[in-house]
Amino acid sequence: MDKAKERERQTRYRYLTEIQQMMFVFGEIQDPLADTTMLIEDIVRSQVIEIIVMAAAQAQRRGSRFLAAEDFIFLIRHDRTKVLRLREYLSWKDVRKKVKEREDAGDDIIDDANADKPDRVAKVNIKLSWELANAFSENLADDDSDDDDEMLDAQSDSLKRLKDADDVTRQMTRDEYVHYSECRQASFTFRKNKRFREWANMTAFLDTKLNDEIIDILGFLTFEMVSKITEMALCIKRDLDKAASAAPGAANPPKRQHGGNTSEGISLFSGPPTARTPLEVQHVQEAFRRLQRTPQPIRNFKGGLTRTRMSLI
């Protein structure tokens, strides 16, 4: 019976290791609970399916059988910071692709006239059809100043994450830092395109095969989902722990005096003072509930039950 459950678990949950690594990077302990990890994978899978279905409907509205990157960006258009970071991610990915193609082709000839200038590859500017400025792209000159200001705003979140990572790794040993660096490379899609398609069961919702660019977009969005769920769950856990410790009648940790120094909660067989408890299922469930707490339009004036749309994380 246990072997059957383990086999079913391995068949259904294929990204437990990657999710554990992502959670560790976002502030969770190194070995989170298995039930918590499986719940997050279920949430991310349902979100991916919802995104695919909504993107397919968007492509059908514009009269196309094939999904494009704009169909997915349109779904997250209200989160301007995420849209800008996704456009930056796709632009630099295209830059790396072109540079690799040049290296494979052996294009190392440098023009003598431009020998003293730095070798710079122009990033691709992704135009979004629903933006008003792009409707006049033929008449108005490209103004990169606004885009640069928006990119600076979008990069502030990335800089904050880098600062948090620097604070976390400041006291790490070399082996711990190597493990942390490996966890930061965790991805749902990098060199796992076939596994990701089977995991999301895309053939049941799409008639066409998604290209690599769209798979990369879904990999970016899944990484953001795990980040938001983990950070929200950690915030909820901290609030609950603080409320439990401040509640009247809460048991205070015993004080132990040794050598004239008073320390709290320390005994001969107690764990390290910085030991932390892992996230539980209730924390993730509450985090998902809060992330889904968005105003829904009233469409059923006659009363009764109506299906509310799932909000994208």
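What covers the buried residues of H8? In this predicted model, the cover includes helix H1 (2-12), helix H3 (34-61) and helix H9 (212-246). Helix H8 spans residues 193-200, and Phe196, Arg197, Trp199 and Ala200 are buried there. Viewed down the axis of H8, the buried residues fall within an arc of 165 degrees, so they line one face of the helix. Just after H8, Asn201 adopts a positive phi of about 55 degrees.

Salt bridges were examined next. The count comes to 18. In helix H3, Asp42 and Arg45 lie three residues apart, about one turn of the helix. Their side chains meet in a salt bridge at 3.0 Å, N to O. Arg45 counts as buried because its relative accessibility, 13%, is under 20%. Asp42 and Arg45 also belong to a network of salt bridges with Arg12 and Glu41.

Asp216 forms a salt bridge with Lys93, with the closest N and O atoms 3.5 Å apart. This pair links distant parts of the chain: Asp216 lies in helix H9 and Lys93 in helix H5 (residues 80-105), 123 residues apart. Asp216 is buried at 14% relative accessible area, whereas Lys93 is partly exposed at 29%.

A further salt bridge joins Arg62 to Asp71, the closest N and O atoms being 2.7 Å apart. Asp71 is buried, with a relative accessible area of 2%. Arg62 is partly exposed, at 42%.

Cysteines were also considered. The count of disulfides comes to zero. Cys183 is buried, with a relative accessible area of 3%. Cys235 is partly exposed, at 29%.

Note on methods:
Residues are numbered from 1 along each chain as its sequence is written. This is a predicted model: local features need pLDDT of at least 70, side-chain atom pairs count only at pLDDT 80 or more; totals for chains, interfaces and linings use all residues. Side-chain values use heavy atoms; hydrogens and water are left out. A disulfide is a pair of cysteine sulfur atoms within 2.5 Å. Buried means under 20% relative accessible area, exposed over 50%, partly exposed in between (1.4 Å probe, protein chains only). Helices (H or I, at least four residues) and strands (E, at least two) are DSSP runs, numbered from the N terminus. The arc is that of the directions from the helix axis to the C-beta atoms. Contact means heavy atoms within 4.5 Å. A salt bridge is a side-chain nitrogen of Lys or Arg within 4 Å of a carboxyl oxygen of Asp or Glu.
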